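Please consult the sequence and the model while reading.

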Amino acid sequence: QVQLVESGGGLVQAGGSLRLSCAASGRTFSRYTMGWFRQAPGKEREFVAASWCGGSTYYADSVKGRFTISRDNAKNTVYLQMNSLKPEDTAVYYCAASQRRVVTSGYDYWGQGTQVTVSS
């Protein structure tokens, strides 16, 4: 069982930056695929970014070039650096983990979410 706890959300003006963190429990964090998803009001949850244990990263087209996923295996933590934020990035952001090499779906564990609000 893996527990995920997100932090770092908040209110930011358009064009600003935020860094989300997701701390994971467990001893095998380095072997997990870690992902970030988001859900805006009235919309379905959508994929944002993923990090494979081997170092490969994947991004949704909507955030490519603005968001960066990274991980610190020594701290059991995955990050999402968000730059050039837009009002349409407003959502609850969720961290997810999987023991498999997945990208946009197939995650087994989820955090509780952290709110990101971008004002225009």
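Q: Is asparagine 76 buried or exposed?
A: This is a predicted model, in which local features need pLDDT of at least 70, side-chain atom pairs count only at pLDDT 80 or more, and totals for chains, interfaces and linings use all residues. Residues are numbered from 1 along each chain as its sequence is written, and side-chain values use heavy atoms, with hydrogens and water left out. A residue counts as buried under 20% relative accessible area, as exposed over 50%, and as partly exposed in between (1.4 Å probe, protein chains only). The relative accessible area of asparagine 76 is 18%, so this residue is buried.

Q: Where does asparagine 76 lie, and what is its phi?
A: Strands (E, at least two residues) and helices (H or I, at least four) are DSSP runs numbered from the N terminus. Asparagine 76 belongs to the loop between strand 7 (67-72) and strand 8 (77-82). Most residues other than glycine have a negative phi. Asparagine 76, which is not glycine, has a positive phi, near 55°.

Q: Which loop holds serine 84, and what is its phi?
A: Serine 84 is placed in the loop between strand 8 and strand 9 (91-98). With a relative accessible area of 41%, serine 84 is partly exposed. Although serine 84 is not a glycine, its phi is positive, at about 50°.

Q: How many helices and how many strands are in the chain?
A: From the N terminus on, the elements run β-β-β-β-β-β-β-β-β-β-β. The chain accordingly has 0 helices and 11 strands.

Q: What is the radius of gyration of the chain?
A: The radius of gyration is taken over C-alpha atoms, and the globule rule is 2.2 Å times the number of residues to the power 0.38. For 120 residues the rule gives 14 Å, and the chain comes close to that value, so it is as compact as a globular protein of that length. Along its principal axes the C-alpha trace spans about 40 × 25 × 25 Å. The radius of gyration is 13 Å.

Q: What relative accessible area does cysteine 22 have, and what does cysteine 53 have?
A: Cysteine 22 is buried, with a value of 0%. Cysteine 53 is in no disulfide, and the nearest cysteine sulfur, that of cysteine 95, is 15 Å away. Cysteine 53 is partly exposed, with a relative accessible area of 35%.

Q: Which strand does strand 3 pair with over 6 bridges?
A: Two strands pair if DSSP finds at least two bridges between them. On leucine 20, the bridge partner is leucine 80. The antiparallel pairing over 6 bridges is with strand 8.

Q: Which residues is glycine 111 in contact with, leaving aside its neighbours within four places in sequence?
A: Glycine 111 is found in the loop between strand 10 (109-110) and strand 11 (114-119). With a relative accessible area of 12%, glycine 111 is buried. Contact means heavy atoms within 4.5 Å. Leaving aside those neighbours, the contacts of glycine 111 are Leu4, Glu6, Tyr94 and Cys95.

Note on methods: Disulfide = S-S within 2.5 Å.
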